[in-house]
Amino acid sequence: MIDCCCTGRSEKDNEFCAYRENDKVIEHIENTPSASSRTDLLGEGACGGNKILVVDDSPVYRKLVEQSLSAERCALLFAKNGREALDLFAKHQPALVITDWNMPDMEGPELCKRIRHDFPDCYCHLLMLTSNSGKEKIVEGLRAGADDYLTKPFDFGELAARVGVGRRIVELHRQIQEKNRLLEEMALTDALTGLPNRRAIDIWASRQLSAAARHDFSFWAVMADLDFFKKVNDTYGHDAGDTVLKTFAEILTAQTRESDMCARLGGEEFLVMMTHSDKEGAETAIERIRKQFENTKFAFGNHTVTATASFGIAGFRGTKPPDWNALVARADTALYAAKDKGRNRIECELETEI
Ligand SMILES: [Mg+2]
């Protein structure tokens, strides 16, 4: 039977209270230094930066670790064996794990290996705390995936200091991950319009094209180009030109489905990828975009200005998908036809019969 030993707390708090089964602590999270910081500390997302998992089959050592970290601003989780540790790790993704070596179901090095293997995307700092003090054991522990090694009996100050080092490393790792994520996002985004760029749509559309062949759904590439755009820039300035481009991007986004993708290729050229639509449906969707853009009025100084765009559509449905760039080239040919026929219109390439 599992009882929660805490009372008078909210349901959310209770989730993190000490639970007892046959008088043994099986899960215990304690925030330090004050209970008032509980919600803040546990409110972290994935890879919780303030959570430390302590794994030891000895209740005495669990208590000693708790006492040694009493001044740390962190949430402690306790497990008494490897299985519980893995369950708690999956649930809370702590930033740090302090693990014993000798435990009934799993040795410390095995636990380190399992955490590294089972949670490759959640970096954590692993510290082995064990009475195994031989050099060969230290080497074995570190090779199993531990980042640090401390022998029992341990000094409270030393453990707290090593935990501080681990938390600094985890925080740096988190910052690097966040910066990498931002760089990746920037590398795939057009800075002016916020739309995906050429690289992004090339990656996504190539995958979708394969999926269209495998799962038998239609796939459309639509090239769009603003008509006489240079005149807008030359007459009203580049800020005016940027406004027109951003407005066109907004219309593209608003008039297409979430599952479609609109990208700016550069200059006044855009590319739309659409799926699950017949030829008429694709043309209707693009016609909505063409009309809305044509009817949009821009105020530049004392002038009210309108702009238009031309569109070229190419599609695919079948079991052998064309190369994505070849499909884009076909859409481009259709776009040229639209330009030749007077602009502000849509042309669908002749090969496309879906
Ligand atoms: Mg032990």
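**A chat about loops, sheets and helices**

Biologist: Hi! Where does Arg343 lie?

Modeller: Arg343 sits in the loop between H12 and E16. Keep in mind as we go that this is a predicted model.

Biologist: Let's zoom out. How many helices and strands are in the chain?

Modeller: The chain holds 12 helices and 16 strands. It has 354 residues, and buried ones make up 35% of them.

Biologist: What share of the contacts joins residues at least 24 apart?

Modeller: That share is 65%, counted among contacts between residues at least 6 apart in sequence.

Biologist: Now the sheet with E11 in it, please. What is the order of its strands?

Modeller: The order is E11-E12-E10-E15-E16, in an open sheet of 5 strands with mixed pairing. As background, strands of a sheet pair through backbone hydrogen bonds, either parallel or antiparallel.

Biologist: Which strands are at the edges of that sheet?

Modeller: The edge strands are E11 and E16 (346-348), and each of them pairs on one side only. Neighbouring strands in this sheet are turned by 20 degrees against each other on average, if you ignore direction.

Biologist: How many bridges join E11 to E12, and which way do they run?

Modeller: E11 (residues 261-266) and E12 (residues 269-275) run antiparallel and are joined by 5 bridges.

Biologist: Is E12 enclosed by the rest of the structure or open, and why?

Modeller: E12 is largely enclosed by the rest of the structure, because 6 of its 7 residues are buried. A residue counts as buried when 20 or more other C-beta atoms lie within 10 Å of its own.

Biologist: Which strands does H12 lie across?

Modeller: H12 (residues 324-340) lies across E10, E12, E15 and E16, and runs at about 145 degrees to E15.

Biologist: Nice. Now helices on helices. How are two packed helices described?

Modeller: By the angle between their axes and the distance between the axes. Take H3 (residues 59-68) and H7 (residues 156-187): they pack at an angle of about 70 degrees, with their axes 9 Å apart. H3 and H7 are therefore roughly perpendicular to each other.

Biologist: Which residues make the contact between H3 and H7?

Modeller: From H3 they are Val65, Gln67 and Ser68, and from H7 they are Phe156, Leu159 and Ala160. This contact of H3 with H7 divides into 4 nonpolar, 2 polar and no charged residues.

Biologist: And at what angle do H4 and H5 cross?

Modeller: H4 (residues 82-92) and H5 (residues 108-118) cross at roughly 25 degrees, and their axes come within 10 Å. H4 and H5 are therefore roughly parallel to each other. The crossing of H4 past H5 is right-handed.

Biologist: Who touches whom there?

Modeller: H4 brings Gly82, Ala85, Leu86 and Phe89, and H5 brings Glu110, Leu111, Arg114 and Ile115. The residues of this contact of H4 with H5 divide into 5 nonpolar, 1 polar and 2 charged.

Biologist: Last one! Which residues does the cis peptide bond join?

Modeller: The cis peptide bond joins Lys152 and Pro153, with omega about -5 degrees. You'll find Pro153 in the loop between E9 (148-151) and H7. For background, most peptide bonds are trans.

Technical notes: Residues numbered from 1 in each chain as written. Predicted model: local features only at pLDDT ≥ 70, side-chain atom pairs only at ≥ 80, totals over all residues. Axes fitted to C-alpha atoms, helices over the stretch in contact; angles between N-to-C directions. Helix = DSSP H or I, 4+ residues; strand = E, 2+ residues; numbered from the N terminus. Parallel < 35°, antiparallel > 145°, perpendicular 65-115°, else oblique. Left-handed = near helix turned anticlockwise from the far one by under 90°. Contact = placed C-beta atoms within 7 Å. Nonpolar A, V, L, I, M, F, W, Y, C, P; charged D, E, K, R; others polar. Pairing = 2+ DSSP bridges. Buried ≥ 20, exposed ≤ 12 C-beta atoms within 10 Å, placed from the backbone.
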